[in-house]
Every structure is written in structure tokens, then in C-alpha cells.
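Morning, everyone. One structure today, and a short tour of it. Have a look first.

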Amino acid sequence: MPAFEYVALDGGGRTRRGLVQAASERAARDQLQGRRLTPLKLAPAAERTGLRQRLLPDRVGPRQLALVTRQLATLIAVAPLEEALRTLALQAERPGVRRVLLATHAAVLEGYRLSDAMARQGEAFPRLYRAMVAAGESSGALPEILERLADLLERDEAARSRLLVALIYPMALAATALAVIAALIAFVVPKVVEQFDSMGQRLPWLTRAIIGLSDAVRDWGWLILVLAVLAAAGAVQALRRPDLRLRFDAALLKAPLLGRLIRDLHAARLARTLSTMIASGVPVLEGLLLTAPTVHNRAQRAAVAEMATIVREGGSLSGAMRRAGLFPPILVYMAASGENAGRVDVMLGRAAEYLEREFNAVVAVALSLLEPAIIIVMGLIVTVIVLSILLPILQINTLAYR
């Protein structure tokens, strides 16, 4: 159905802006007048239907969603929901976010609940997010639940930002090192080694090996790059198959250090999300069903789905975690303690905090060791290249003294 952006006056003479869906402009005017709004300006909204809407749907990124949630939680504590949504839409800087908020605002004005209005926006609001909003509407504690949601989203965004900032320097260092090594092999080594060709002297094996590598890079570098890109694309395509992705993710969890990091990271997010949902009034079973699709590791996702089946059949959350065998013992123990004390949400939150601290500590140590490791590896490679150049010179000097 077509959408129209409007500017109208309400009964108090205040200017209202928003989005209304109607079959025609006349129907849109009638709809606004039915809401006791006098339209001043009515124009078709920017069309994003059809193929373009399917290919480029409006999305709200994690950072924008956290900000919108925090602002919405603050505004609805002092203003009606409709006015809060309209205010957020008017101040949104990104056009996609503005369109989503305007459409949500229009749906709320039509009588939809906030969670239902969000569901009408496609994938702009995640299912888990909408479920928590629905729980807040049912319990009458929407501001408090939005605050919890904002805390959850801001914590996840802060963790992503810290990891990205920590990785920037090692990645830049590694890229610089690779560029320097490639330049040495492709351009410097051939120029220097050309000086030894006219002497008719057999070069050391290390020098011959570096020359062969240099020739291969210059002559076949493009082919190597193309094959690498094709191999990467093939691997990505293969991992789209559910069975292969499941086996790959299960193998990742068994890796010596990386597997533990991945396991603890996803377990912490699962515990944090479940804690927030249970504290918001969402049942454990529904929380597991909603959380399962958000787990990126397919092996752990399947384990969460199996946990939901066990809980549906009357089992406990801690027992389901124990049977899955893919979650840290501390999480299983804290979940069992929470069930015994009737404080599952609190204990899951504490388990998430512990796992997050452990993950951050291990990542910090690993990243602090990564920088010198890159420098050492680069130094060793450059040393080998320089040695391959110096060996013929030393060999010539030795022959000259004989």
C-alpha cells in the first residue's frame, strides 16, 4: 500500500509530522482528518517498494538501535508513546532509520501495539527485541524493559567496538609487513641479484630459492591472487550449506584456544540475553526459542534448540545445558544455583559478567602478544631475504681471497 508523508496541525495547534499508509492521497487525507489532524502538506513517501525494497530494505544498525532504544526508554517515561516515536523520527539523522521510525509511528497511530508496529517493519527490529517489547507491554513495565534492552545493546556494541579498536593496529601492522615483504621480493631482490648473473658463479641454495620465489611472484602473482580469491569464495559458498557449516562450527569449538574463546563468548551472550528476557517476564522456553537464532555458532545454536526441547518436556535449564555439553561449567553451575534459589535471571547475569571478564582478559593478552609476534615474524622474513643477498657477496669475497 502506498505511503504518504504528512505535516498536519492537531487540535491544539501543534505541528505533527509522520507517515500514513493509504490507497490514495484522498484516503490519506480522510485518515488524517479521522485522527483530528488538519493536513498542511501531504506527499508520497520515498518509494522503496518492489525489487528495491527486497534488495535494500531499511535497517537499523546495532549502534542506532541501541541509541533509539535508550532515547525511547527515556522519552516514554515522560511523554506518550506516539509523541516519543515522532520526536525520535524527526531527529534521526539516517534516512533509513527515519523511515522505520515514521512507519512505526504511523502504525501506532493506527492502533497497533508497539511490538506489532515494529513487526510490520520487516527485519528492522530483531525478533528477540520485539518479544521483549511485547513482554513489557503485557506487564506494563515497558520503560524498565526498554532500559534493560538498551543496556544489553550498548554492552554488545561496546564489546564490538573494543575488539575492533584493539584489532586495528595489529591488522595495519600485518598489512604493512606483507606489503614490505612483497615489495622486497618482487622489486628489490631481482635488481640486486642481477649483479651476480654475469659472474657465472653458482649461487647459494637460499639465494636461488628467493630468486625462484621472486620470479613466481612477478610472473604468476596475478594467478595466485585469483586462485586465492576463488578459494575463499568457494569456502564461503561451501559454508552456506547447513551440514558443512555445522561440522565446521563444531570443529571450531574443539580448537585449543580459539574454541574456548568462541564457546565462552557465545555462552556469555546467551546468558546475558536470557537473563534480560527472564527479568523482563519472558518465559524460559520462549526465551530459548527466541535466542537460538541469534547464536552465530551453528553447533551451539543446535544445542540451544535442543535445550528448548528438553525444557518443553519438563526438564530444567541447567540440566539441558549439562546435556548439551557445549557450555562452560560455570554457566551450568550458576544456572542450577539460580533455579534452586528462584533467581535464574540474577545468576545468569552474574555468569555472563564472569565469562565476559574472562574473555576480555584472554583477548587483551592475546592482542598484546600479537603485535610483537608480527614484528618478530616480519624481522625473520626480512632477515632471510637480506641473507640471501649477502651470501653471494660473502662467497665472492671468499673466492677473491683464495
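Which helix holds Ser-115? Ser-115 sits in helix α6, residues 114-119. Helices here are DSSP runs of H or I, at least four residues, strands are E runs of at least two, and numbering starts at the N terminus.

A word on the basis. This is a predicted model, where local features need pLDDT of at least 70, side-chain atom pairs need pLDDT 80 or more, and totals for chains, interfaces and linings use all residues. Residues are numbered from 1 along each chain as its sequence is written, and side-chain values use heavy atoms, with hydrogens and water left out.

Back to Ser-115. Buried or exposed? Ser-115 is buried, at 6% relative accessible area. Buried means under 20%, exposed over 50%, partly exposed in between, with a 1.4 Å probe and protein chains only. Leaving aside residues up to four places away in sequence, Ser-115 touches Arg-130, Val-133, Ala-134 and Glu-137. Contact means heavy atoms within 4.5 Å.

Now the whole protein. The secondary structure comes to 16 helices and three strands. The radius of gyration is 30 Å, well over the 21 Å from the globule rule for 402 residues, so the protein is more spread out than a compact globule. That radius is taken over C-alpha atoms, and the rule is 2.2 Å times the number of residues to the power 0.38. The C-alpha atoms fill a box of roughly 105 × 60 × 35 Å along the principal axes.

Burial next. Of the 402 residues, 37% are buried. And contacts: among those between residues at least 6 apart in sequence, 59% join residues at least 24 apart.
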